[in-house]
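Me: I have a structure open here and have never looked at it before. Can you walk me through it?

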Amino acid sequence: MVKIRNALFYEVEIIREQRVKAYEEHAQSIPEGHWDALKKAISSDADEQRDVELLVAELDGEVVGSVALFPAKSDAYKGLVDMLDYPEIRMLAVTRQARHKGVAEALIKECIRRTKVNGSQYVGLHTADFMKTAMRLYERMGFERLPQFDFQPADDGIIVKAYRLSIE
C-alpha cells in the first residue's frame with residue numbers, strides 16, 4: 001500500500017535525483033534546450049520556498065515518488081507564469097519500478113486533500129504534451145485546461161499547459 005507523508009529534510013537531495021531520473025525518459029523526445037530547462041527546474045531548490053509542501057510516497061518502506069505543493073500566490077515557475085490564486089502541484093515524479101501502482105494518483109489525491117483542508121476552491125498544475133501518461137491521469141482525475149496560463153520555458157515551441165481542478 002502506498003503511504004504519503006511529508007518529506008524529511010535529509011531526503012531532499014534523493015528526491016531531486018529521483019525526479020531527474022524519472023523525467024530523463026523525455027530527454028530524447030524534446031529539444032536539448034528544453035530538457036536543460038526542465039532538468040534545471042526539477043532539480044532546483046524551488047521546493048524550499050516558504051510554505052511549499054514537499055511530499056513523498058513510500059511503497060514497502062522505500063521512497064518511490066514525490067510531489068511539491070506550492071501555495072496560492074507563490075512564484076512556482078520563477079516568473080514564467082502569473083502568480084495564481086490557488087495552490088499548484090509541481091514536480092510530480094515516480095520511480096520507474098513503482099509506476100502503474102497508483103503512486104502518482106495517491107500523491108495528487110493528497111495534494112487535493114490538503115488544498116481542500118486549507119480552504120482553496122481549486123488546485124492547478126502544468127504539464128506538456130510529451131508527458132502523455134501524466135496528461136491522461138490529470139484529465140481522468142477531472143483537471144481542466146486553462147490555456148491563458150500556458151507558457152514556453154525554452155522558446156522552442158513546446159508549450160507547458162495549465163490545468164486546474166475544481167475542488168468541491
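Me: What does the accessible surface of the protein come to?
Reply: About 9200 Å², and 49% of that belongs to carbon and sulfur atoms. Accessible areas come from the Shrake-Rupley method with a 1.4 Å probe, and for residues only the protein chains shown count as cover.

Me: Where does the model come from, and how are residues numbered?
Reply: This is a predicted model, where local features need pLDDT of at least 70, side-chain atom pairs count only at pLDDT 80 or more, and totals for chains, interfaces and linings use all residues. Residues are numbered from 1 along each chain as its sequence is written, and side-chain values use heavy atoms, with hydrogens and water left out.

Me: How many helices and strands?
Reply: Four helices and seven strands. Both are DSSP runs numbered from the N terminus: helices are H or I with at least four residues, strands are E with at least two.

Me: In which pattern, along the sequence?
Reply: It reads β-α-α-β-β-β-α-β-α-β-β.

Me: What part of the protein is buried?
Reply: Buried residues make up 51% of the 168 residues. Buried means under 20% relative accessible area, exposed over 50%, and partly exposed in between (1.4 Å probe, protein chains only).

Me: And what does the C-alpha trace span?
Reply: About 40 × 35 × 30 Å along the principal axes.

Me: Now His 126. Where is it found?
Reply: His 126 is in strand E5, which covers residues 122-128. It counts as buried because its relative accessibility is 12%.

Me: What does the side chain of His 126 reach?
Reply: It reaches the backbone oxygen of Phe 149 at 2.8 Å. The His 126 side chain is also joined to the side chain of Glu 88 by a polar contact of 2.4 Å. A polar contact is a pair of N or O atoms within 3.5 Å; within protein, one must be able to donate a hydrogen and the other to accept it, and residues adjacent in sequence count only if both atoms are side-chain atoms.

Me: Changing topic: where is Ser 74 found?
Reply: Ser 74 is in the loop between strand E3 (62-70) and strand E4 (88-94).

Me: Buried or exposed?
Reply: Ser 74 counts as buried, at 14% relative accessibility.

Me: What lies 2.7 Å from a polar atom of its side chain?
Reply: The backbone oxygen of Pro 71.

Me: And how are Ser 74 and Tyr 86 placed, what separates them?
Reply: They are twelve residues apart along the chain, and their C-alpha atoms are separated by 9.0 Å.
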